[in-house]
Amino acid sequence: MKTLQTGISNARHVTNYSFGSGNLKILNDLLKTRRLESNSSVVFFIDHFFENEGNLVERLSVESEDLLIFIDTTNEPTTEGIDQQVEHVRQRLDNIPCALVGIGGGATLDTAKAVANLLTNGGKAEQYQGWDLVKQPGVYKIAVPTISGTGAEATRTCVMTNKRTGLKLGMNSDFTVYDQVILDPDLTTTVPRDQYFWTGMDAYIHCIESLAGHYRNAIGDAFSRQTLALCREVFLSEDMQSAQNREKLMVASYLGGCAIASSYVGVVHPFSAGLSVVLGAHHCVANCITMRSMQEFYPEPYEEFWQMVDRQQVQIPEGICRGLREDQYDLLYDSTVVHEKPLTNALGEEFKTKLTPTTVRSTYELM
Ligand code: NAD
Ligand code: ZN
């Protein structure tokens with residue numbers, strides 16, 4: 001297979017990261033330093049799960065002028081929802097906050113990233129969907145992941161759906177990368193089993209797609225291989241949620257995020273995006289559903305994936321495309337083949353000769 005240049009030569013990483021059980025405690029000290037420097041407030045975006053569960057909020061030093069915003073992650077972030085959050089923060093605070101903290105999964109971490117960019121750049125979220133459209137550094141931001149897999153804590157994007165245009169695309173920018181990441185595997189103890197698997201598999205799937213692609217570079221490959229090694233240890237073991245495995249998966253998620261920064265995904269993500277845009281399926285479960293029809297494209301990972309599902313006894317929804325209308329299949333086709341870069345990565349420049357409306361439809365029918 002001919003290797004193509006990724007065109008990615010200068011990758012931004014998270015400035016600081018800190019890892020360890022119980023590590024959430026360093027957040028308060030980090031914020032203290034920020035507060036002293038600028039004398040302004042902190043905005044916390046926290047997954048709604050923690051509003052009434054556990055003692056996470058009690059462990060944060062929230063001051064009276066700070067904003068504590070719980071993010072309803074029932075639906076994935078939209079550009080409109082992000083604009084509303086920005087407006088809310090602007091109305092409640094006189095100054096730019098000294099820090100934004102995102103505590104949650106990919107949806108919450110992406111919300112904090114997008115709001116941080118908009119507070120300093122102005123305008124609407126949809127204006128920045130694309131590559132390198134953000135002009136100013138965003139507000140200083142800290143990520144505290146509470147579920148592992150998407151790598152959102154490490155990447156230079158924040159995925160948002162634009163309901164008006166149907167576009168699901170993030171603000172791909174060096175300014176979107178977190179300044180600080182706090183990795184504390186204790187925070188993932190409460191994740192429900194199926195969700196833990198679906199989200200964890202995002203890291204696995206990104207990396208099998210990258211390593212099977214045409215666009216390659218040595219650094220992306222190295223991150224991907226190590227991510228896969230950790231995912232195998234976790235998902236082929238007896239108990240994917242043991243303390244040790246939650247720690248490993250948190251590292252896999254972070255490294256998987258670094259891998260995407262210097263590589264591209266393949267066939268799974270475009271099909272999964274179709275399920276999200278047309279049928280509203282969440283990203284990570286949609287990836288797993290897509291794996292039902294990936295035997296032809298990724299034969300070995302396909303076998304391994306289903307072996308992991310078996311080992312962990314988790315549920316992957318089935319029959320999502322049963323009874324769909326013609327117009328829905330048309331939309332699924334359009335929202336799959338629009339992802340030219342990943343599809344070229346996987347299938348070459350003539351990918352549309354392989355992905356015709358008929359083959360795309362039969363791929364969806366297998367799900
Ligand atoms: P999520 O943020 O969508 O949350 C999934 C579910 O897990 C929610 O119900 C949430 O309440 C729950 N949850 C989170 N932490 C929990 C905990 N500790 N205990 C119990 N429940 C918990 O999760 P996700 O799968 O990490 O993220 C998916 C999102 O990430 C999508 O919006 C996707 O587009 C985005 N994404 C972003 C990137 C990126 O690079 N920025 C990459 C891939 C995916
Ligand atoms: Zn993904």
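**A buried threonine**

Thr 176 counts as buried because its relative accessibility is 0%; buried means under 20% relative accessible area, with a 1.4 Å probe and protein chains only. The model is predicted, so local features need pLDDT of at least 70 and side-chain atom pairs count only at pLDDT 80 or more, while totals for chains, interfaces and linings use all residues. Residues are numbered from 1 along each chain as its sequence is written, and side-chain values use heavy atoms, leaving out hydrogens and water.

**Surroundings of Thr 176**

- Thr 176 lies in the loop between strand S8 (167-172) and strand S9 (180-183); strands are DSSP runs of E with at least two residues, and helices are runs of H or I with at least four, numbered from the N terminus.
- The side chain of Thr 176 reaches the backbone oxygen of Met 171 at 2.8 Å.
- Leaving aside residues up to four places away in sequence, Thr 176 touches Lys 113, Asn 117, Lys 141, Thr 155, Arg 156, Thr 157, Cys 158 and Met 171, where contact means heavy atoms within 4.5 Å.
- Pro 137 is 39 residues from Thr 176 along the chain, and their C-alpha atoms are separated by 8.2 Å.

**The protein as a whole**

- The protein contains 14 helices and 9 strands.
- Of its 367 residues, 57% count as buried.
- Among contacts in the protein with a separation of 6 or more, 77% are accounted for by residues 24 or more positions apart.
- The C-alpha atoms of the protein fill a box of roughly 60 × 45 × 40 Å along the principal axes.

How values were computed:
Chains lettered and ligands numbered in written order. Buried < 20%, exposed > 50% of the residue type's maximum accessible area, 1.4 Å probe, protein only. Polar contact = N/O pair within 3.5 Å; in protein donor to acceptor, adjacent residues only side chain to side chain.
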